[in-house]
Amino acid sequence: MILKVNGIEFSYPSRPVLQGVRFQVNRGEFFAILGNNGAGKSTLLKCLNRILKPTSGAVYIGERDIFSLRQREVARQVGYVAQRQERPRMTVFDAVLLGRRPHMKWSLTSADTRAARQALQLLELEDYAMRFLDELSGGELQKVVLARAIAQEPEVLLLDEPTSNLDLKNQVEVLQLVRRIAREKNIAVIVVIHDLNLALRYADRFLLLKDGTVFALGGREIMTPANISAVYGLPVEVVWLGKQPVVVPVEEGEKSAPVAAGR
Amino acid sequence: MKWVKNLMKSRKESLPAGYREYTQRKVAVIILLVVLSCFLAVYAINAGSAGLSSREVLLTLLGKGEERWRMIVWNIRLPRVLAALVAGMALSLAGCVMQNILRNPLASSFTLGISQGAAFGAALAILLLGAGSTGSTAADAVIINSPYLVSFSAFLGAMASMTVVLALAARRDVSPEAMVLGGVALGSLFSAATVILQYFAQDVQVAAMVFWTFGDVGRASWRELTLMAVTTGVAFLYFFFNRWNYNALDGGEETARGLGVEVEKVRLFGMLLASFISAVVVSFLGIIGFIGLVGPHISRRLIGSDHRFLLPSAAVMGGFLLLAADTFGRTVMAPVVLPVGAVTSFMGAPLFLYLLLRGYRR
């Protein structure tokens, strides 16, 4: 267990967002946070590296409560990729080097540049090192910010909708990579994601968030039609395509016709 | 020394191809700017009615010139040239940091109302405290009796303006656009207050108030120059120490937090220091507009938005531009000396328009 979330509550002045959320994530695990729009997924993610401060509850990385640490100390252990990315006029290499900021003192060391290069290698972005951010496609940019978070050498990686702006190929590539990183570097990866099918395909465990509370928590077994329907507020079926479960929404009046897909 | 070599080697190996050349080009641009500024400085000391040659200027600077050259160079020309360089650096640096922090290319001490606050403070001192009156010398028609009192009052005015801006900056729900609009409102509020003071002032006082607002780098003595140089130097070190934080902020606020930047702190202290050095310059020299916009903007064009290089380059560029503007103002209609504030606004305003037309991006 590397990350432990202990009953956090969060509210905006107008309304409460999170209530009594608790879960744990292990090293090497790909953990998906799911829920409808406005359920508080992104808010929850931002509470995990103190971008937001919950009104009560605690978040532990290892043994330490992140709210007793400085922002920089948190950033040494937790990497974060925001949902929206800016594109300043900056080379890819410099953008990835920025991931070393929590480790830097007055200036860069060769350890910093080495870590940045290794991150670029891992994401097969070496040829892009001298390109500028504002010249990249959405998929390329997503990989660059992922490389930045990896150069940060975190123990926990938080990704907010990493696939929302990507085409099918890039979605698959990015999530494959993320899973590989989780395994190879033995770090916990926590992903907020809308696409249930991608989540089912790549994540090890799931947290279904409904109205700011944990509706269900566990492995694939919790991804039942009943749970998903309850969380998203529309009837669904889970069908199997070979070994891959697929969530299909059912429109009202439509006769359910479970397709026995597969070979 | 062997370990240095090894370190250099391992550093080199860990950099991607072309990266060293890329950064060296930026350093070269900065060095070139420094060299150009040095040449311009010698030319500026040289330019004027005393008829010194460049060689004589250099000799005098090295302490080998004649006595009368020494008087002109050390007491009049050199402080003026250095004041232009230091003030330009301060204003440009302040603009550069404000633009990053407020995420708005139009932020500067001039657009945020800090200069107008200073002008109001100066006018108040001249009216109420009798700090200004006319006199007649060969050089200027207007004399300000107690320049330190005026400067101090101007500084308080700038600080008042700055406090409002900082209070806005500290609020999360105030957008960058709203902040610049707030600055514009503040600027016109202080301008209006200055006009009201002028309305009630006697004509000699009005003359002194108007005269004060013409930014003029010739006002600085060695003592003021030292004060400006020290505050600017300290501010530069602080800004440079935060260069990676500013780069992180360019990636968006949440990304910056994720990279360990304490965003509120970086913003507040950055705004505080940037406003402070502008206030110091403006209260000694009067209003000098647009250097804080033009300096950083041209530097971004030349060097990119990486603050490791942008900060030094914006500083040097600001110094260079202000010195060029002052030298131009001194020579174009010689022996009449145009106030440098007018010259900078003259060259800054078209650029401001150009920025707007281009659909600005930082």
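Q: A salt bridge is a side-chain nitrogen of Lys or Arg within 4 Å of a carboxyl oxygen of Asp or Glu; how many does a search of the whole structure find over all chains?
A: Side chains of opposite charge can pair when their charged atoms come close. Over all chains, the search returns 20 salt bridges. This is a predicted model, in which local features need pLDDT of at least 70 and side-chain atom pairs count only at pLDDT 80 or more, while totals for chains, interfaces and linings use all residues. Side-chain values use heavy atoms, without hydrogens or water, residues are numbered from 1 along each chain as its sequence is written, and chains are lettered from A, ligands numbered from 1, in the order in which they are written.

Q: Where in the chain are Arg80(B) and Asp326(B), which pair in a salt bridge?
A: Arg80(B) is in helix α4 (residues 67-101) of chain B, and Asp326(B) is in helix α14 (residues 307-331) of chain B. The pair links distant parts of the chain, 246 residues apart. The N to O distance of this salt bridge is 2.8 Å. Helices here are DSSP runs (H or I, at least four residues), numbered from the N terminus.

Q: Are Arg80(B) and Asp326(B) buried or exposed?
A: Buried means under 20% relative accessible area, exposed over 50%, and partly exposed in between, with a 1.4 Å probe and protein chains only. Arg80(B) has 14% relative accessibility and therefore counts as buried. Asp326(B) is buried too, at 2%.

Q: What do Glu253(B) and Arg267(B) tie together?
A: Their side chains meet in a salt bridge at 3.5 Å, N to O. Glu253(B) lies in helix α11 (residues 253-258) and Arg267(B) in helix α12 (residues 263-285), both of chain B, so the pair ties together parts that are 14 residues apart in sequence. Glu253(B) is partly exposed at 29% relative accessibility, whereas Arg267(B) is buried at 18%.

Q: How many aromatic pairs does a search of the whole structure find?
A: A pair of aromatic rings is described by the distance of the centres and the angle of the planes. Rings of Phe, Tyr and Trp (its six-membered ring) pair if their centres lie within 6.5 Å; planes under 30 degrees apart count as stacked, over 60 as edge-to-face and the rest as tilted. The search finds 11 aromatic pairs over all chains. One of them joins Phe93(A) and Tyr19(B): the centres are 4.7 Å apart and the planes at 70°, so the pair is edge-to-face. This pair crosses between chains, from helix α3 (residues 92-97) of chain A to helix α2 (residues 19-46) of chain B. Phe93(A) and Tyr19(B) are both buried. Ring pairs also link Phe93(A), Phe132(A), Tyr19(B) and Tyr22(B) into a cluster.

Q: Which ring does the charged end of Arg89(A) sit over?
A: A charge sits over a ring if NZ of Lys or CZ of Arg is within 6 Å of the ring centre and within 35 degrees of the ring normal. For Arg89(A) the ring is that of Phe132(A), with its centre 3.9 Å from the charged end. Likewise, the charged end of Arg219(B) sits over the ring of Phe211(B), 5.3 Å from its centre.

Methods:
Helices (H or I, at least four residues) and strands (E, at least two) are DSSP runs, numbered from the N terminus.
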